[in-house]
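Please read it alongside the displayed sequence and structure.

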Amino acid sequence: MNHDAYPDNYIRGILNGVKSIAMVGASPINVRPSYFAFKYLAQRGYDMIPVNPGHVGKELLGKPFVASLSDIGRPVDMIDIFRNSSHLMPVVEEALTLDPLPKVIWMQLGARDDAAAAKAESVGIKVVMNRCPKIEYGRLSSEISWMGVNSRTLSSKRAPAPTQGMRLSLNRMSVGGGDTAASDRAAKNKSEQS
Amino acid sequence: MSDRLPGFSTLAVHAGAQPDPTTGARATPIYQTTSFVFNDADHAASLFGLQAFGNIYTRIGNPTNAVLEERVAALEGGTAALAVASGHAAQVVVLQQLLQPGDEFIAARKLYGGSINQFTHAFKSFGWNVVWADPDDIASFERAVTPRTKAIFIESIANPGGSITDIEAISTVARKAGVPLIVDNTLASPYLIRPIDHGADIVVHSLTKFLGGHGNSLGGIIVDAGTFDWSTGGKYPMLSEPRPEYHGIRLQETFGNFAFAIACRVLGLRDLGPALSPFNAFMILTGIETLPLRMQRHCDNAKAVAEFLAGHPAVASVSYAGLPSDKYHQLARKYAPKGAGAVFTFSLKGGYDAGVNLVSKLQLFSHLANVGDTRSLVIHPASTTHSQLDDAAKVKSGAGPDVVRLSIGIEDKEDLIADLEQALGA
């Protein structure tokens, strides 16, 4: 996978396909992006599992925290990692010990580790880096358009009014796919410099 | 479902708009409401905390305005946009996110006279110091960079003379200086020039002009290219640092490549207040649907009128980059191959008096202070839009006393030429 620019169909396939998501680094602090991404994905019907060793014994929106991926004790479709780029590799390595393997490893906006990605992809796991699943879900459903964001999708169909806990259709027509060409170029330049 | 890229005209009609989920209305409804009900207290708190997508209050966002924002972002190739009350409001909101008191920004000397005034006087009172550079001398931008420089501001097609700016060359200077390049793309519109493709980090518009296109509604917009990294060096604390007004949220971390547009909305528009009326957003959206058709007609008419004027004995010179003899013709061919815009100036051999005489004799051209209308417009900048500049600055900005500015409309070009001919003739 070219991690500088993801086709919409790749992201759409992942978000339409996965049901359970373990979020590593989920925070109980309600102004942290991991908290509101967790909440949003739960509201859109995903089976969310918060992973954070610092909060074991507590719950996040009714879901008990687990200390590590291996403590989940049941198969998960996707691992969503809310950690800095330098802390991704150990999480990916732990994910690769799970049986069955997760179908997807997703690294948050700002997080990227190409070596870790290659490792996961070599065993058939789909990888997304430097994206937010909440933003991508909002973009493909066009819900994010409410904030003046370019969803890069079009539709002439009447969408149902979104309500809490409802899955939205992500099957709008794509405008080029993924991020804009200019922002992809800028991100690529940045990753090459670092 | 395919990732095929729709064309510009398709985006001009469709981007951002879809049938209304509640009623099925196909045209974008005018959501003429100040406020929006919350589902419950938790939903309200999530919206106020920037944690959920949704509407709160029309000073922060409105569904009609959001369609306009997404449409212009799509046409410009940006990640997000924010519509505001006017082009001037767009400029204030942009610079508020970038500059602290005592900071500097570099601006091209050739700008709309209103921008020159805003930068020179109003912004000075905020402690935002403009440093002027000459768009015909790229090195003058490099020389103007200091450690306090926070942005570079240019127009793609410069008012009033219709000169074309070398956006790529100036974007190289901006990149080297580590500051964003802001391009006012009002006179080109994204149909002629997409500054983001040439290295712009932020695009601003007066929507009042060609985008709205009918001279009936004021508006402005800010487009975030999603290209600038705001996190480096603490230079842009509005984007990179925890915001106390939002419980310590960091905008770049949270919103990634559309963080600048969000900053403009939640720190700029929310607190400064220049919201766009949803009715104006609707009028401008309707205008944008025909932008590609109108803009080509504007350009074709402008070229015909410029050619006529260039051959007229009463005319001393024509400044239109669409003419092969023009100083900016090569830049026009590179940046605006479909046409060099429809706003340009010419000077009369008879000087100031001949200009005043011409304006008074024209029958179809309207004498007023606007550009980018379906109607053809004329003005004498030295006595109006640029009148607050001193004589030297007037000449430098292309608005000397003998200069007349035209904004060519979409009428029949033969009628425009006939009107100019009768007014110049006697």
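The points below are grouped by chain and by topic. The model is predicted. In chain A, 5 strands form an open sheet with parallel pairing.

**The sheet of chain A**
- The strands of this open sheet follow the order S2-S1-S5-S6-S7 in chain A.
- Strand S2 (47-51) and strand S7 (126-128) of chain A stand at the edges, and each has a single partner strand, so one side of each lacks a neighbour in the sheet.
- On average, neighbouring strands of the sheet are turned by 20° against each other, direction ignored.
- Strand S5 (residues 78-81) and strand S6 (residues 104-107) of chain A pair in the parallel sense over 4 bridges.
- Asp80(A) has Trp106(A) in S6(A) as its bridge partner.

**Ile49(A) in strand S2**
- Ile49(A) belongs to strand S2 of chain A.
- Beyond residues up to four places away in sequence, Ile49(A) touches Ser20(A), Ala22(A), Met23(A), Lys63(A), Val66(A), Ile72(A) and Val76(A).
- Ala120(A) is 71 residues from Ile49(A) in sequence and 20 Å from it in space, C-alpha to C-alpha.

**Strand S7 of chain B**
- From strand S7 (residues 181-184) of chain B, Leu181(B) and Val183(B) point one way, whereas Ile182(B) and Asp184(B) point the other way, and all are buried.
- In a regular strand, side chains alternate between the two faces of the sheet.
- Strand S4 (residues 149-155) of chain B runs parallel to S7(B) and is joined to it by 4 bridges; Ile154(B) stands opposite Val183(B).
- S7(B) also pairs in the parallel sense with strand S8 (residues 202-206) of chain B, over 3 bridges; here Ile182(B) has Ile202(B) as its bridge partner.

Conventions. Residues are numbered from 1 along each chain as its sequence is written. Chains are lettered from A and ligands numbered from 1 in the order in which they are written. This is a predicted model: local features need pLDDT of at least 70, side-chain atom pairs count only at pLDDT 80 or more; totals for chains, interfaces and linings use all residues. Two strands pair if DSSP finds at least two bridges between them. Helices (H or I, at least four residues) and strands (E, at least two) are DSSP runs, numbered from the N terminus. Axes are lines fitted to C-alpha atoms, for helices over the stretch in contact, and angles run from 0 to 180 degrees between N-to-C directions. Two residues are in contact if their C-beta atoms, placed from the backbone, lie within 7 Å. A residue is buried if 20 or more other C-beta atoms lie within 10 Å of its own, exposed if 12 or fewer, and partly exposed in between; C-beta atoms are placed from the backbone.
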